[in-house]
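Subject: Structure handover

Hello,

Here is the structure for you to look over. My notes come after it.

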Amino acid sequence: LTVDCEGTLWLRVYGGSLVTWTPLNGLSLVGTNIGRPERLLWSSPGTVLFSNSDGQLLRGAKQEGRWQWERVSLAEAVRQPSVCADAEGSVWYITRDGLVRTRKAGKLQLPLEVPGLEGQQVNVLCADGAGQIWAGTDQCLAILREGRFINMTPTNGEASISVKRILPVGD
């Protein structure tokens, strides 16, 4: 149960089918046997991107009034809720060997050595409501800004923290 950027309510029903609800159209079946979408990562008008527990993405695009679906595997992805998408729809995830990878426009990017996290083990990634990427490592909490992770560990406590989970909340 989630709402996309256009205010459409998305519901996953028994068997993995997807149903939408809008005030104008009411309930509509938009996909059957398309996998088990669990979390809406990103949306733009006519496009949605879901993740599932199998380490896959489910991308839907509305074409000529009908939804077309594509499953995309995330190579070497760790099966955890660290798959997230930034404001532009690029998907960020952690691989089994601890590298951060992205998919942009459907294309896998090489493993990233993103500046600011050198020598650290990335434990968790998440996107906040503005689509900013946050990383929790074995040493700090960091946010991605202008292609570089910036340490955002609070200064009123330990100098180094091991972040295992990030829960974005509203202001």
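Below are the sheets, the core and the pocket.

This is a predicted model: local features need pLDDT of at least 70, side-chain atom pairs count only at pLDDT 80 or more, and totals for chains, interfaces and linings use all residues. Residues are numbered from 1 along each chain as its sequence is written, and side-chain values use heavy atoms, with hydrogens and water left out.

**Sheets**

Strands here are DSSP runs (E, at least two residues), numbered from the N terminus. Two strands pair if DSSP finds at least two bridges between them.

Five bridges link strand E3 (residues 18-22) to E4, in the antiparallel sense. Look at Trp 21: its bridge partner in E4 is Leu 27.

Another open sheet of four strands runs E13-E14-E15-E16, again with antiparallel pairing. Strand E13 (122-127) and strand E16 (148-151) are the edge strands, each pairing on one side only. On average, neighbouring strands of this sheet are turned by 30° against each other, direction ignored (axes are lines fitted to C-alpha atoms; angles run from 0 to 180 degrees between N-to-C directions). E13 and strand E14 (residues 133-137) are antiparallel and joined by five bridges. Leu 125 sits opposite Ala 135 in E14.

**Core**

The largest nonpolar core has 15 residues. By nonpolar core I mean a set of buried Ala, Val, Leu, Ile, Met, Phe, Trp, Tyr and Cys residues joined through side-chain atoms within 4.5 Å; buried is under 20% relative accessible area with a 1.4 Å probe, protein chains only. Trp 92, Leu 125, Ile 133 and Phe 149 have the most contacts inside this core. E13 gives the largest share, three residues.

Phe 149 is worth a click. Leaving out residues up to four places away in sequence, its contacts (heavy atoms within 4.5 Å) include Val 114, Pro 115, Ile 133 and Trp 134.

**Pocket**

The largest pocket holds about 490 Å³ of space. A pocket is an open set of points on a 1 Å grid where a 1.4 Å probe fits, with protein on both sides within 12 Å along at least five of seven lines; lining residues have an atom within 4 Å of a point. The volume is the space filled by probe spheres set on the points. The lining has 22 residues, with Arg 39, Leu 40, Leu 41, Ala 127 and Asp 128 nearest the centre. Strand E5 (39-44), strand E9 (84-85) and E13 each give two or more residues to this lining. E5 supplies the largest share, five residues.

Best wishes

Definitions and conventions:
Buried means under 20% relative accessible area, exposed over 50%, partly exposed in between (1.4 Å probe, protein chains only).
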